[in-house]
Every structure is written in C-alpha cells, then in structure tokens.
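Here is a short note to read alongside the model.

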Amino acid sequence: MSASKEAICASSEKEPEKPELGWATTRYFVTFMLFLGMANAYVMRTNMSVAIVAMVNHTAIQKGEEILDDECGDRELEVDNGEDGEFAWSSSLQGYILSSFFYGYVITQIPFGILAKKYGALRFLGWGMLINSVFAFLVPVAAREGGVYGLCAVRFIQGLGEGPIVPCTHALLAKWIPPNERSRMGAAVYAGAQFGTIISMPLSGLLAEYGFSGGWPSIFYVFGIVGTIWSIAFLFLVFEDPSVHPRIDEREKRYINDSLWGTDVIKSPPIPFKSIMKSLPFYAILLAHMGHNYGYETLMTELPTYMKQVLRFSLKSNGLLSSLPYLAMWLFSMFISVVADWMISSKRFSLTATRKIINSIGQYGPGLALIAASYTGCDRALTLAILTIGVGLNGGIYSGFKINHLDLTPRFAGFLMAITNCLANLAGLLAPIAAGNLINNKPTMGQWQIVFFIAALVYIVCGTFYNVFGSGERQFWDNPENDEHKPSLGGNENNGMTPARLSNGNGAPLAITASESRQ
C-alpha cells in the first residue's frame with residue numbers, strides 16, 4: 001500500500017487539552033439546536049400518519065370489505081373507533097399519500113449535500129425547515145379543496161423543505177464536534193427523531209379528537225407554528241463553524257479546531273466521486289442505512305394503523321401507545337452512545353469493532369422483534385412490549401452506521417450522508433406503499449405478518465452486509481496529502497499544541513474556515 005493510502009487514520013501524539021467550561025459551551029448549544037431541528041423534522045414527517053386515521057371516512061370505504069380485524073374476537077374490550085373523517089381513501093391510496101412527502105425529501109438529498117459542501121450547511125437547513133413549517137399550514141386547505149392531488153403536492157413541497165436536514169446536520173456535526181464526543185453528540189442530535197415522534201404521535205392523537213378547526217387540521221397548525229419559531233431562532237443563533245462564531249470562547253474554538261483538523265488552515269479538496277463509488281465501507285453504510293429506513297418507515301407510518309385495525313385501540317390511545325417504541329429508542333440511543341464512546345476511549349475495542357457491535361444491536365434487534373411480534377396473536381400487551389423492545393434496540397444505529405460517515409471521511413461526511421440518506425429514503429418510501437397494497441382494506445393478522453416479515457428480513461440482511469464490509473478507519477481518499485496548504489491564521493505559532501499525526505507520520509488534516517469550505 002502506498003504511503004498516501006496509509007495516511008488514513010489520525011492518532012494524536014498529544015491530544016488537545018479540553019477546556020473546563022462545563023455544560024455552558026457553544027458546541028453543546030449547537031448540538032441542542034440540531035436536536036430540536038431533528039425533532040421538528042420528524043414531527044412534520046410523522047404527524048400525517050396519525051392525522052390520516054382521523055381524516056379517513058372508514059364507513060364510506062368499507063362497502064362490504066372488512067376494515068378492522070375481528071380474528072381475536074375480544075368483545076369485552078371497549079373499542080373506540082372515533083368519528084369517521086371527511087375522506088373516502090382506500091388503504092392503498094393512503095399509502096401513496098403518506099409516501100408523497102418522501103418523494104420531495106429524497107430528490108433534494110444529494111443536491112443539498114453538494115451545495116452544503118460548497119456554500120455552507122446552516123442556511124440551507126434553516127430556510128428548508130422554514131419552508132417545511134410554513135407549508136404545514138396549507139395541508140388542511142389542500143386536502144379539502146385540492147383532494148388527493150392537492151394534498152400530495154403540499155406534502156411533496158414539505159419534503160423538499162426537509163431535504164437538507166440530514167446532510168446539513170451531518171456537515172455541521174463534522175465542523176463542531178470533536179472525535180471523542182462523536183458518538184454521544186451524534187446520538188443526541190439524531191435521537192431528536194425519536195423525541196419528535198414521541199411528541200408527535202400522542203399529541204397528534206389528542207389534537208385529532210379534541211383540537212380546534214375540526215380536530216385533525218389543528219395538528220398541522222400547532223406543529224407549523226412550532227417549526228416556524230425554531231427555524232427563525234436557528235438562523236439567528238447558530239453559526240456555520242467555530243471560526244465564524246462571534247461569541248464562542250476562544251479556548252473552546254481552539255479545542256474544537258485542533259481536535260478536528262490541527263492548528264493550520266487548508267483548502268478543502270474537491271469531492272473524490274470515483275473513489276467514493278469504489279469504497280466497500282461506503283456501500284456497507286449505504287446498505288445498512290437502506291435496511292434501517294425500510295424497517296423504520298414501515299413501523300413509523302403503519303404502526304398507528306396497525307394499532308387501530310388489529311390491536312383495536314382508540315385514536316387517543318393509538319397515538320400514545322404508538323409512541324412507546326420511540327420513547328424506548330430515544331432512551332436506549334442515549335445509553336448506548338455513552339457505552340460506544342467508552343468502548344472507543346478505553347482502547348478495549350477498535351473503532352471498527354465498536355461500530356459493528358453497536359450497529360448489530362441496532363439492526364438485528366428490531367428484525368428479530370418484528371418476527372416475534374408477528375406470532376403473538378391476540379396478546380395485545382405482549383405484541384406492544386415486543387415492538388417496544390425491538391424499536392428501542394434500533395437506537396443502536398445512531399452509534400453504528402449513522403455516525404460512521406464521520407469516521408470514514410470527516411471532510412466529506414455531509415456529502416456521504418446525502419447519498420446514503422437519499423437512497424435509504426427511496427427504500428423507505430416503498431414501505432408504506434408495500435404495506436398499503438399488502439393490506440389493501442383486508443387487515444388480517446396474516447397480511448400484517450407478511451409486512452413484518454419483509455421488514456425483518458431487510459433489517460437482518462443489510463445489518464449482516466455492514467458487519468462484513470464496514471469499517472471505522474479513515475479512508476485513503478480523504479488523504480490530507482492531496483490538500484493545498486495555506487499559511488496558518490496564527491503564523492508559525494501553534495499555541496503549544498501538537499497537531500494530530502497520521503499513521504505515516506504526516507500531519508492530520510487541518511482546520512477549514514467557513515469561507516474556505518465554500519470554495
């Protein structure tokens with residue numbers, strides 16, 4: 001292997017000294033705002049899955065076909081089906097409505113990944129979420145006046161606005177979070193997805209039953225206001241990187257930049273498209289991401305319907321109980337991220353081994369749980385418990401493949417995430433369509449078992465591919481020897497800090513300023 005290919009894994013001779021600033025640090029505030037942004041994004045994504053249960057006129061679409069499953073025959077259980085909604089949409093049509101958001105979301109992933117690399121990520125993320133939030137106000141009028149096509153168009157535009165959330169978040173994490181905090185801070189940010197789902201499902205259920213403006217429209221009005229407030233706050237309070245933040249403590253700025261890149265300044269090289277396309281570790285992340293999204297979207301978009309059709313819970317209970325698995329996922333992701341960082345910092349496990357072990361928990365766990373849940377029959381409590389445990393274990397992916405992009409290539413992590421998230425969401429948008437067509441107004445346990453088995457198989461196969469070909473090592477195509485060096489901002493002084501060295505003794509990649517990251 002050539003010297004340049006050996007220069008792939010930075011290891012510090014002397015790690016930068018971490019300033020004692022407590023929790024009042026700028027990078028923690030940035031992490032918190034990104035967490036809230038991720039929560040808002042998933043609120044916008046999931047509220048339709050609860051709202052659509054209240055929007056549909058189930059009586060009108062029955063026409064002799066069974067809508068609720070009666071195989072259990074439990075007539076002692078009080079079943080509150082709620083009032084019928086306004087729209088006679090079949091199960092398959094509901095699947096297409098739920099998927100319309102993802103079409104807009106998917107097509108913007110790679111463009112925003114490239115644009116964020118060239119122009120910076122912050123404004124794309126802030127303005128995109130603002131568009132997403134504002135168009136939430138138009139969902140009720142679009143459904144009532146424009147029908148299915150009008151509703152799908154508005155949800156498509158919302159998806160366009162949400163497109164920057166993941167690639168731009170990854171790009172910002174690469175600029176703000178030191179490597180030894182990567183698992184915890186990355187998991188904290190992406191756990192916003194579960195937090196948003198936890199908030200969205202029960203609150204959406206309550207608003208659908210007791211909200212203003214006819215119930216379900218209030219779901220979109222309330223969350224639209226919240227999203228708009230966050231977007232404006234984010235655009236004014238968060239900055240692209242430590243170098244351009246006007247209020248950050250100088251010690252923290254130096255610590256972040258030295259931990260990530262060293263003490264000098266370099267120009268970021270062009271994206272190495274060909275090398276990325278030939279990288280097996282990249283494809284390992286891609287397959288793991290696709291498998292996760294298919295299984296996760298199956299549960300996220302179809303679980304409220306399953307809770308009503310098969311387990312026979314009321315709309316209010318539906319939203320509350322549907323959120324329990326995501327509460328478990330949120331809590332477990334926080335716990336396992338601390339374990340992952342300990343595994344790495346203790347030197348007992350390599351970075352590659354840590355990512356694979358934690359990711360196996362995150363993908364095999366829900367796969368096996370889905371299989372088990374399909375055999376629980378009429379035991380509602382056991383079914384819900386198994387699904388809660390399975391989805392909870394899924395939280396391991398945030399310290400597994402989800403943060404692995406930053407390990408392979410800190411400087412191109414946002415672009416890599418754009419590619420994997422784009423294709424993963426293509427897989428994800430197939431989930432509600434597949435489930436809707438498999439159920440197709442015949443929600444028997446046998447049909448739902450097929451839905452669960454397919455999702456479980458995808459989880460397990462993709463998780464296994466990641467275990468075989470995944471890596472935690474920095475890749476040769478992110479080699480700093482290929483960079484064009486510029487003089488240090490501070491001249492020849494390095495403030496007593498020793499830059500991190502690569503495995504062949506070369507200097508680690510150095511700090512990228514906001515202005516240069518846009519070149």
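1. First, a definition for what follows. A residue is buried under 20% relative accessible area, exposed over 50%, and partly exposed in between. Arg-251 has 44% relative accessibility, so Arg-251 counts as partly exposed. Please keep in mind that this is a predicted model.

2. Stay with Arg-251 for a moment. Arg-251 forms a salt bridge with Asp-249. The closest N and O atoms of that pair are 3.1 Å apart. Asp-249 has 28% relative accessibility, so Asp-249 is partly exposed as well. The structure holds seven salt bridges. Side chains of opposite charge can pair when their charged atoms come close.

3. Now take Arg-27. Which side chain does Arg-27 meet in a salt bridge? The partner is Glu-252, at 3.1 Å from N to O. Arg-27 lies in helix H2, and Glu-252 lies in helix H12 (residues 250-260). The two are 225 residues apart, so this pair links distant parts of the chain. Are these residues buried or exposed? Arg-27 is buried, at 2% relative accessibility. Glu-252 is buried too, with a relative accessible area of 1%.

4. Arg-27 has a second contact. Arg-27 lies over the face of Tyr-28. The distance to the ring centre is 4.8 Å.

5. Arg-45 deserves a look next. Glu-162 and Arg-45 form a salt bridge, with the closest N and O atoms 3.4 Å apart. Glu-162 sits in helix H7 (residues 139-162) and Arg-45 in helix H2, so the pair ties together parts that are 117 residues apart in sequence. Glu-162 is buried, at 0% relative accessibility. Arg-45 is buried, with a relative accessible area of 4%. Arg-45 also lies over the face of Tyr-105, at 4.5 Å from the ring centre.

6. On to the aromatic side chains. How many aromatic pairs does the structure hold? The count is 18. One of them joins Phe-273 and Phe-415. Their ring centres are 5.3 Å apart and their planes stand at 90°, so the pair is edge-to-face. Phe-273 belongs to helix H13 (residues 273-277), and Phe-415 to helix H19 (residues 413-439). They are 142 residues apart, and the pair links distant parts of the chain. Phe-273 is partly exposed, with a relative accessible area of 43%. Phe-415, in contrast, is buried at 4% relative accessibility.

7. Trp-448 and Phe-452 make another pair. Their ring centres are 6.1 Å apart and their planes are at 45°, so this pair is tilted. Trp-448 and Phe-452 are four residues apart in helix H20 (residues 445-469), which means a separation of about one helical turn. An α-helix has 3.6 residues a turn, so residues three or four places apart point the same way. Trp-448 and Phe-452 are both buried.

8. There is also an aromatic cluster. Ring pairs link Phe-32, Phe-35, Phe-195 and Trp-330.

9. Which residues make the nonpolar surface patch? They are Phe-29, Phe-32, Ile-232, Phe-236 and Leu-237, and the patch covers about 500 Å². Helix H2 (26-55) and helix H11 (216-237) each supply at least two of the patch residues. H11 gives the largest share, three residues. Phe-29 is found in helix H2. Phe-29 is partly exposed, with a relative accessible area of 32%.

10. Helix H18 (residues 401-408) is a separate case. Eight of its eight residues are buried, so H18 is largely enclosed by the rest of the structure. The buried residues include Lys-402, His-405 and Asp-407. Phe-401, Ile-403 and Leu-406 are also among them.

11. Last, the cysteines. How many disulfides does a search of the whole structure find? It finds zero. Cys-152 is buried, at 18% relative accessibility. Cys-462 is also buried, at 9% relative accessibility.

Technical notes. Residues are numbered from 1 along each chain as its sequence is written. This is a predicted model: local features need pLDDT of at least 70, side-chain atom pairs count only at pLDDT 80 or more; totals for chains, interfaces and linings use all residues. Side-chain values use heavy atoms; hydrogens and water are left out. A disulfide is a pair of cysteine sulfur atoms within 2.5 Å. Buried means under 20% relative accessible area, exposed over 50%, partly exposed in between (1.4 Å probe, protein chains only). Patches are made of residues with over 30% relative accessible area and no salt bridge: like charges are joined within 9 Å, nonpolar side chains (Val, Leu, Ile, Met, Phe, Trp, Tyr) within 5 Å. Accessible areas come from the Shrake-Rupley method with a 1.4 Å probe; for residues, only the protein chains shown count as cover. A salt bridge is a side-chain nitrogen of Lys or Arg within 4 Å of a carboxyl oxygen of Asp or Glu. Rings of Phe, Tyr and Trp (its six-membered ring) pair if their centres lie within 6.5 Å; planes under 30 degrees apart count as stacked, over 60 as edge-to-face and the rest as tilted. A charge sits over a ring if NZ of Lys or CZ of Arg is within 6 Å of the ring centre and within 35 degrees of the ring normal.
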